[in-house]
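I opened this structure to look up its pockets. I wanted to know what lines them.

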Amino acid sequence: MKAILVQPDKALTWSDVPDPIVGDEDVLVEIHCAALNRADLMQRDGDYPPPAGCPEWMGLEISGVVAKMGKIAEEKSNYKIGDEVCALLGGGGYAEYVTVKYDMLMPVPKGRSLVEASAMPEAYATAYLNLFIEGKAKAGDTLLMHAGASGLASVVIPMAKAFGLRVITTVLSDEIAEKIKPLGADLVVNTKKENIAEVLKAQLEAGTPVDIAIDCLGGSFMGGCLPYLSHGARWIMIAALAGQITEIDLKNIYVRNVRIIGSTLRSRTPAFKAELLAMLVRDVWPKVEAGMMKPSIYKVLPITDAEEAHAILQRGENVGKVVLQVK
């Protein structure tokens, strides 16, 4: 089969690689689509290696068709050859085929295409993990979701709204603010014009403080925001794209019981991920099928245009997910 390999000069090539070996607990999926994530860019640069046992090539979320099943996978799952599925991977999605342990598969939600389904596993699992497991979100809470134009925000914001949360998000221009209006955020803050800490202070004074923040930016302003959260608020760090250093008033943290939580999905155990995916199918898929939320697709490109797909993410031009079509 073929897969996208990273060459020594960081170029991407569609190259021949060995066919996957199907173990007893594995399902062989013929990949139709693979969605991009910023983790792919980090892996390409050598900063985010795949977990042990995963293919060396990139790709965390895919959709496709069941092509073959191991004996235990056949016995323990409800899948059969020909079923349309999507999957969360440790890596290996930029390819024609991949083997997936049966409990890491999910059905494609009714009414959604394989393109849309490929954009769901990693992003939806990350959103659910940080909203409901780490963030303890409940209806009526206020969420701050940074980087409102990101692929993750395109999932987190509609998911939070579907479960009854109020959402504040940040962008870098009025043009981007206009583009993300369909996501349904209650307040969009252009941080080129407004200081986000001052906005949060005003929210606190108005009696509508932030209860949960999902922060992929970090940087110097992060610490400045912490005094203006609700008592017992959860600030969840998932990346530090704006800088790894900040200054924090520690007294504010313990007096007001603010939790600072570091969170990544890729480092979780397979058993945890399998349980998380089961929660997604149980809690979120019905809302997707009811039309309350759907993945936001920015562009679909052929797998051989992986270089251009990565460039779109590197330029930060996408609002929603970029998807590579394999078949």
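A pocket here is an open set of grid points with protein on both sides within 12 Å along at least five of seven lines. Its volume is the space filled by probe spheres set on the points. I kept in mind that this is a predicted model.

Entry 1, the second largest pocket. I looked up its volume and found about 560 Å³ of space. I then listed its lining, which has 27 residues. Nearest the centre of this pocket I noted G53, C54, P55, G90 and T99.

Which element gives the largest share of its lining? I found that β6 does, with five residues. I noted that β6 spans 97-101, and that β6 and α10 (270-289) each supply at least two residues. Sorted by class, the lining has 16 nonpolar, five polar and six charged residues.

I read off about 1200 Å³ of space for the largest pocket. I counted 46 residues in its lining, and those closest to the centre are R38, S150, C216, A239 and L241.

The largest share is from α4, which supplies five residues.

Entry 5, classes in the largest pocket. How many lining residues are nonpolar, polar and charged? I noted 27 nonpolar residues, 14 polar ones and five charged ones.

Conventions
Residues are numbered from 1 along each chain as its sequence is written. This is a predicted model: local features need pLDDT of at least 70, side-chain atom pairs count only at pLDDT 80 or more; totals for chains, interfaces and linings use all residues. Side-chain values use heavy atoms; hydrogens and water are left out. On a 1 Å grid over the protein atoms alone, a cavity is a set of points where a 1.4 Å probe fits but cannot get out, and a pocket is an open set with protein on both sides within 12 Å along at least five of seven lines; lining residues have an atom within 4 Å of a point. Helices (H or I, at least four residues) and strands (E, at least two) are DSSP runs, numbered from the N terminus. Ala, Val, Leu, Ile, Met, Phe, Trp, Tyr, Cys and Pro count as nonpolar, Asp, Glu, Lys and Arg as charged, and the others, Gly among them, as polar.
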